[in-house]
Amino acid sequence: MPVLNPVKPDICVKCSPNHSADVLRTILLGMEEEGIPFHLAEEAQIDAMALAWEASEESRLDVGVGVDDKNVVLGFAKLKADKPLFVVPVSAGNEKVRDLGANAARLVKRMPFKM
């Protein structure tokens, strides 16, 4: 009998080629603190909002994060593509970016958001 390799439910994080590794690390720390798994994908797309929508559609949890050089976007598959939950400018600082990562996890856990 073949061994099945089921796809684990997790948050999908999609990054543009021009994203900041430090910003990405900060987002992932926020998710890790909340204990929700994630997987990463780098895409040719350079718009964080489009990436967040694609990521939420790909995630079995319906939650996706898009990252480009200007913004970090938290998308939810049950919302319209142009109406993400949060858009945080990269320039907002590590605390806000980390909170967005935590909020992605809190959305899965159905807990109140940090911001």
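Is Phe-113 buried, partly exposed or exposed? Phe-113 is partly exposed, at 33% relative accessible area (buried is under 20%, exposed over 50%, partly exposed in between, with a 1.4 Å probe and protein chains only). This is a predicted model, where local features need pLDDT of at least 70, side-chain atom pairs count only at pLDDT 80 or more, and totals for chains, interfaces and linings use all residues. Residues are numbered from 1 along each chain as its sequence is written, and side-chain values use heavy atoms, without hydrogens and water.

**Fold**
- Three helices and five strands make up the elements of the protein chain (DSSP runs: H or I of at least four residues for helices, E of at least two for strands, numbered from the N terminus).
- Their order from the N terminus is β-α-β-α-β-β-β-α.

**Burial and contacts**
- Of the 115 residues in the protein chain, 42% count as buried.
- Among contacts with a separation of 6 or more, 57% join residues 24 or more positions apart (contact means heavy atoms within 4.5 Å).

**The aromatic pair**
- The count comes to one aromatic pair (ring centres of Phe, Tyr or Trp, its six-membered ring, within 6.5 Å; planes under 30 degrees apart are stacked, over 60 edge-to-face, the rest tilted).
- Phe-86 and Phe-113 are edge-to-face, because their ring centres lie 5.2 Å apart and their planes stand at 85 degrees.
- The pair links distant parts of the chain, 27 residues apart. Phe-86 sits in strand E5 (residues 86–89), and Phe-113 in the segment after helix H3 (94–109).
- Phe-86 counts as buried, at 17% relative accessibility.
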